[in-house]
Amino acid sequence: MDSIIEVNNVSKTYKTGFQALQPIDLSIKRGEIFALLGPNGAGKTTLISIICGIVNASGGTITADGLDIQRHYRQARQRIGLVPQELAVNIFESVWNTVKFSRGLFGCAPDDAYLEQLLKNLSLWDKKDSTIMALSGGMKRRVLIAKALAHQPRILFLDEPTAGVDVELRRDMWAMIRRLRDEGVTIILTTHYIEEAEDMADRIGVINKGQLMLVEEKHRLMRDLGRKSLTVHLTQPLAVLPSPIDSETVELAADGLSLSYQYNTAATDTGVAELLQTLAQSGIDYSDVSTKQSSLEEIFVSLVEEKA
């Protein structure tokens with residue numbers, strides 16, 4: 001799969017001397033959903049703003065669909081749609097005029113049929129004549145999405161798109177994003193809802209303190225950096241762990257009816273077989289064994305803490 005965005009050695013240092021981004025190299029594949037995760041102030045919005053041409057980089061180059069974002073700004077920007085965190089529309093304008101103006105702003109020929117379908121997909125058609133000011137917070141967020149898609153971009157940036165919105169909108173939005181991806185649109189999103197990235201993304205990037213810590217396919221990230229928790233359910237309660245079992249790696253539940261053991265899924269020897277063998281040799285019977293994979297959120301938190 002070829003790349004649609006290339007970020008090469010891009011950095012950002014403000015006049016105050018604050019370095020918002022350390023030199024970053026990043027390649028976004030055409031047609032993928034890429035999730036950029038990081039705590040507040042990590043540099044997510046700065047990086048997106050630079051790629052979209054809103055903020056100037058201190059160094060490095062960026063191409064969008066083969067076009068240099070600085071030398072061919074207008075042509076490159078036509079290929080990009082951006083849904084920002086904050087409301088960025090004329091609140092006294094109608095929904096219809098807002099999306100129609102946005103389409104014309106990028107030099108696209110009028111296409112009322114496309115805009116009508118877009119508003120219907122976002123459950124905005126019955127609000128097309130309403131002013132932005134009269135809409136609820138969730139409806140305003142839908143207008144931002146419609147505005148970003150009005151010129152039919154091939155790249156869509158979603159900066160914290162579901163922050164503070166209702167469950168219904170979140171569900172509708174992700175259904176729409178899946179449709180767009182199926183149509184060949186490349187999606188780049190930042191989110192605090194890590195479970196959404198885990199559910200939606202093809203690849204994950206983790207950024208912290210302006211440094212891109214890693215970029216990896218989601219499933220490989222879960223496999224390589226994830227940990228599993230093994231729980232052994234005992235038939236009879238134990239007061240203490242028998243001496244052959246290492247109390248630093250195996251924890252006995254307060255009621256004495258289960259043992260828990262953390263292990264690395266990528267390790268050659270996980271220690272699971274040895275633990276179960278030790279239990280058998282110690283005459284400890286168990287009724288069931290269950291495992292739980294670390295979530296993406298747990299992996300993310302551990303990565304950030306490790307680099308802190």
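Predicted model: local features only at pLDDT ≥ 70, side-chain atom pairs only at ≥ 80, totals over all residues.
Biologist: Which residues is isoleucine 5 in contact with, leaving aside its neighbours within four places in sequence?
Modeller: Let us begin with leucine 26, which is 21 residues away along the chain, with 7.9 Å between the two C-alpha atoms. Leaving aside neighbours within four places in sequence, isoleucine 5 is in contact with Leu26, Ser27, Ile28, Ile51, Thr63, Ile155, Phe157 and Ile188.

Biologist: Which residues touch the most other members in the largest nonpolar core?
Modeller: The largest nonpolar core has 47 residues, and the ones touching the most other members are Leu156, Ile177, Ile187 and Ile204. Helix H5 supplies the largest share of this core, 7 residues. Apart from it lies another core of 28 residues, including Ile48, Ile80, Ile155 and Phe157. To come back to your question, the names for the largest core are Leu156, Ile177, Ile187 and Ile204.

Biologist: How do H5 and H6 lie relative to each other?
Modeller: Two packed helices are described by the angle between their axes and the distance between the axes. Helix H5 (residues 137-149) packs with helix H6 (residues 167-182) at an angle of about 15°, and their axes are 10 Å apart. The crossing is right-handed. Angles under 35 degrees count as roughly parallel, so H5 and H6 are roughly parallel to each other.

Biologist: Which residues meet where H5 and H6 touch, and how do they divide by class?
Modeller: On the H5 side there are Gly138, Arg141, Arg142, Ile145 and Leu149, and they meet Glu168, Leu169, Asp172, Met173, Met176 and Leu180 in H6. By class, this contact of H5 with H6 has 6 nonpolar, 1 polar and 4 charged residues.

Biologist: And how do H3 and H4 lie relative to each other?
Modeller: Helix H3 (residues 95-105) and helix H4 (residues 112-121) have axes 11 Å apart and pack at an angle of about 125°. Their crossing is right-handed. With that angle, H3 and H4 are therefore oblique to each other.

Biologist: Which residues of H3 and H4 meet, and how many are nonpolar, polar and charged?
Modeller: From H3 come Val95, Trp96, Val99, Lys100 and Arg103, meeting Asp112, Tyr114, Leu115, Glu116 and Leu119 in H4. The residues of this contact of H3 with H4 divide into 6 nonpolar, no polar and 4 charged.

Biologist: Is serine 49 buried or exposed?
Modeller: Serine 49 sits in helix H1, residues 44-51. Not counting residues up to four places away in sequence, serine 49 touches Ile54 and Val55. Its relative accessibility is 13%, so serine 49 counts as buried.

Biologist: What is the phi of aspartate 65?
Modeller: Most residues other than glycine have a negative phi. Aspartate 65 lies in the loop between strand E4 (59-64) and strand E5 (67-68), and it counts as partly exposed because its relative accessibility is 25%. Although aspartate 65 is not a glycine, its phi is positive, at about 55°.

Biologist: Finally, is lysine 209 buried or exposed?
Modeller: Lysine 209 is found in the loop between strand E9 (203-208) and strand E10 (211-217). Lysine 209 has a positive phi of about 55°, although it is not a glycine. At 54% relative accessibility, lysine 209 counts as exposed.

Terms used. Residues numbered from 1 in each chain as written. Heavy atoms only, no water. Axes fitted to C-alpha atoms, helices over the stretch in contact; angles between N-to-C directions. Helix = DSSP H or I, 4+ residues; strand = E, 2+ residues; numbered from the N terminus. Parallel < 35°, antiparallel > 145°, perpendicular 65-115°, else oblique. Left-handed = near helix turned anticlockwise from the far one by under 90°. Contact = heavy atoms within 4.5 Å. Nonpolar A, V, L, I, M, F, W, Y, C, P; charged D, E, K, R; others polar. Buried < 20%, exposed > 50% of the residue type's maximum accessible area, 1.4 Å probe, protein only. Core = buried A, V, L, I, M, F, W, Y, C linked by side-chain atoms within 4.5 Å.
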